[in-house]
Amino acid sequence: MKRAFFFIIFFQSLFSSGQQKPIRCFYTEENNKKISTNPQTEQNRQALEKFTREFIKHENKQRSSSTPIYVIPVVFHVLHNYGPENISKAQIIDCVNALNDDFQKRSADTIDIVPSFQSIAADCQIEFRLASLDPNGNCTDGIERIATTKTYLATDNSKVNRWPNNKYLNFWVVASLLNSIVGVQATPTGGPDTLDGILLRSDFVGRIGTGNISYSRYLTHDMGHFFNLRHVWGGINSPGIACGDDLVSDTPISIGWDHCDLTGSVCNPPIIENVQNFMEESYCTRMFTQGQCARMHAALNSLLNGRNNLWTANNLIATGTTGSPVNICSPIADFYASPINACAGTPIVFTDQSWNANITSWNWSFPGGNPTTSIDTNPSVVYSTPGFYGATLIVTSANGTDSISKTASVRISDTAMVSMNYTNDFENVVTFPGVDGWIESSDTIVANNWRRVNNANTTTSGSNSIKMDNYSNPAGLVDSWVTPSINFSNVGFPIFMTFMVANAQRNSSTYDKLTIQYSVNCGKTWINTSYNKQGMSLSTAGIVNTSFLPATLNQWRQETVKLNPVQHQPNVRFRFTNTSDNGNNTFIDDINIIGTPTSIDENNYLNTDIAVFPNPSKGNTTISFSLVKSCKVNIDVKNILGQTIVSLPHKLLNEGFHENKISNLLPGIYIIDVAINDRHVIKKLVVS
């Protein structure tokens, strides 16, 4: 009976300062880890090596130019959250073509293979084809799109909806992988069927779209491991450490190369090493050798994980990969809206994301919106009344129609939902998240996002707070929540926010981070406040190596954040963002936002003071004000010598709120001169 063991392979991108660097592959490290934890793994590997040697002897006697190509049916499961990771069908087709170019020695750059290896650079007679029939015999284009937050910080748990691995080679395309790696896969030495296949970051798919030709070769390397190839330098994980053998007869003993030295000869001078081999980690790979092709053919004839069934005639019929004309499929409707949280009057763009067919017509319905219907591909809709709004899309292709309805696709808020002064202790059950403007706004939600809890509080008000479970979440997870819109129109200096925070470090090396930003345009852009704490500076309870729960008031700390730049702004939201380092939990309670009421009358033209923010800035700042009536406005930015550095176009501005952005100022002190109907208001700006 076949026994299953698996090795995980990791690729990590090493790019810095715009200079291309080779891949970092963790094949050997993971191989050694499996051997150390399970002796049967080594026995399994030795059995496969014995089979490989016998198969190669046989193939060397029988192989001829008429040997059939090994056709491998493939399916791409695109895991996405409606971002750039939802790559196009054209990019996936290009990825398949790129693999075939490399495995069949038809890439144009094979002409650059150094002369000493031209004669053994091989067409491996392996062809990858997108499936046209799914496991149930239904029409497919070989691409399945799954909307899920498992696309972020992906692990083997993201290998969802696997198609039978003895019939299809499964690829899972994701936005990011845990620990910044770019690929994870299982080798043919066996493993759980649920893990057999390749996780790949979306920008490493193909040569077009988000991909490029250099990145596409990472998958070629990965596929080599999938078919039981080792690194050319053998068992040492990192190249350049020691000479080694990859058990392939026609690849010279190699030291392993992480740069492109085409005359490299270290192990057996003057024999040149095969730096351009796809199983090297140089950035100039071009080829497989004949011996490597034979070794991959052995893996395709082994029983392990059903590799020997992938290319059989019966399976090609079952997966629709015989080469016959591909059926035209019915569409599967899908769409997304952006932004999903907005103020009344903000245009919302609905983007078609339908798949499995070429769409020929669209029929949209937007109850409560303007327009209420549309036949455009990606229409823009405006909602004038706060509330939650859904939409329906019907799409048609040459072979059918499909529809999808999504309730609460968009949340429209009032431009100013609450007034100063503002407090919240999270005791109201609908407060967070709730109907009064609070928004849980993470793009990378996993099991433990910001949530209201009733077992941690400051003991000064009730029993509730909100919590981020950094103890359970993976490093790199970013999760935010946003306050209701607050009206500061009649509020001047000083303005500040206080809140209670409780946090513990898991150990001295974990750096969970909490930041606070604000927006004056319904979240279109966010501006940093002074609050940005992480690690020790965030911790209120030192180091706690178990899941942290504040037990006493001493484990809470009151924080104060100055908010002067938001004075006289009519629509301000605050965003609290947690970045997890797999450290420990963060709790927030008792938020108070406090300002001083003012009355503004600047020459009877302004109903808000002129705000310059951020100030100090790093070179980019915004000048905002609200006019009582239509006025002629000139804005000049001058240095301390009175010389005009920036002069914005002179305009006649209508009554209401206005913003003007200044960018790329050098460090120094500046005078902002705002002339309203020739009456000047002067503000100072510091650029650090």
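Axes are lines fitted to C-alpha atoms, for helices over the stretch in contact, and angles run from 0 to 180 degrees between N-to-C directions. The legends below describe a predicted model.

**Figure 1. Packing of helix α3 against helix α5.** Two packed helices are described by the angle between their axes and the distance between the axes. Here α3 (residues 89-103) and α5 (residues 213-226) meet at an angle of about 60°, and their axes lie 10 Å apart. Because angles of 65 to 115 degrees count as roughly perpendicular and those under 35 as roughly parallel, α3 is oblique to α5. The crossing of α3 past α5 is right-handed.

**Figure 2. Residues in the contact between α3 and α5.** Helix α3 contributes C95, A98, L99, D102 and F103, while α5 contributes S216, R217, L219, T220, M223 and G224. Sorted by class, the contact of α3 with α5 comprises 6 nonpolar, 3 polar and 2 charged residues.

**Figure 3. The open sheet β9-β11-β14.** In this antiparallel sheet, 3 strands follow the order β9-β11-β14. Strands β9 (335-338) and β14 (380-381) form the edges, each pairing on one side only. Between β11 (residues 348-352) and β14, the antiparallel pairing spans 2 bridges. I348 is placed opposite V381 of β14.

**Figure 4. The open sheet β30-β31-β35.** This sheet holds 3 strands in the order β30-β31-β35, with antiparallel pairing. Its edge strands, β30 (611-613) and β35 (656-662), each pair on one side only. From one strand to the next, the twist averages 20°. Strand β31 (residues 621-627) pairs with β35 in the antiparallel sense over 7 bridges, and T621 has I662 of β35 as its bridge partner.

Note on methods:
Residues numbered from 1 in each chain as written. Predicted model: local features only at pLDDT ≥ 70, side-chain atom pairs only at ≥ 80, totals over all residues. Heavy atoms only, no water. Pairing = 2+ DSSP bridges. Helix = DSSP H or I, 4+ residues; strand = E, 2+ residues; numbered from the N terminus. Parallel < 35°, antiparallel > 145°, perpendicular 65-115°, else oblique. Left-handed = near helix turned anticlockwise from the far one by under 90°. Contact = heavy atoms within 4.5 Å. Nonpolar A, V, L, I, M, F, W, Y, C, P; charged D, E, K, R; others polar.
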